[in-house]
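Subject: Structure for you, with notes

Hi,

Here is the structure I promised to pass on.

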Amino acid sequence: MSRSYKKLWKLMIDKEINKTELTKKAKISTNSMAKLGRNESVPIETLEKICAVLECTLDDIVEISGDEQ
């Protein structure tokens with residue numbers, strides 16, 4: 001399984017919020033934001049906090065795809 005947060009970055013541009021602002025408003029760590037930037041796993045609670053700030057759903061910020069075999 002792979003994940004992509006490209007939708008998150010696009011949504012942040014649309015809502016005119018930068019990473020620093022989102023980190024503060026969502027009360028998440030800079031480490032979590034760095035993991036998002038590398039498409040690494042973060043706790044679901046982190047994603048929920050981001051969704052609350054951006055007023056969106058998980059589908060709006062993350063895309064998960066299965067590995068094709």
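Leaving aside its neighbours within four places in sequence, which residues is K49 in contact with? The ones that turn up are A26, K27 and I28, where contact means heavy atoms within 4.5 Å.

Before the rest, some ground rules. This is a predicted model, in which local features need pLDDT of at least 70 and side-chain atom pairs count only at pLDDT 80 or more, while totals for chains, interfaces and linings use all residues. Residues are numbered from 1 along each chain as its sequence is written, and side-chain values use heavy atoms, with hydrogens and water left out.

Back to K49. You'll find K49 in helix α4; helices here are DSSP runs (H or I, at least four residues), numbered from the N terminus. K49 counts as partly exposed because its relative accessibility is 40%. For reference, buried means under 20% relative accessible area, exposed means over 50%, and partly exposed is in between (1.4 Å probe, protein chains only). T30 sits 19 residues away from K49 along the chain, and their C-alpha atoms are separated by 14 Å.

Now the helices, starting with α1, which spans residues 6-14. Its buried residues are L8, L11 and M12. They are on the same side of α1 because they cover an arc of only 100° around the axis, the arc being that of the directions from the helix axis to the C-beta atoms. What covers these buried residues includes α2, α3 and α4. On the face turned away from the buried side of α1 you'll see K6, K10, I13 and D14, which are exposed.

L22, T23 and A26 are its buried residues. Down the axis of α2 they fall within an arc of 100°, so they line one face of the helix. They pack against α1, α3 and α4. The face of α2 turned away from the buried side carries T20, K24 and K25, which are exposed. At the start of α2, have a look at N18: one of its side-chain oxygens comes to within 3.0 Å of the backbone nitrogen of T20.

Next, some backbone angles worth a look. Most residues other than glycine have a negative phi. Where are the positive ones in this model?

- E16, which follows α1, has a positive phi near 55°.
- K27, which follows α2, has a positive phi near 55° too.
- N39 is a residue other than glycine with a positive phi near 55°. N39 lies in the loop between α3 and α4 (44-54), and it is partly exposed because its relative accessible area is 31%.

One last stop is S32, in helix α3. Is S32 buried or exposed? S32 is buried, because its relative accessible area is 12%. Leaving aside neighbours within four places in sequence, S32 is in contact with V42 and T46.

Cheers

Notes. Helices (H or I, at least four residues) and strands (E, at least two) are DSSP runs, numbered from the N terminus. A polar contact is a pair of N or O atoms within 3.5 Å; within protein, one must be able to donate a hydrogen and the other to accept it, and residues adjacent in sequence count only if both atoms are side-chain atoms.
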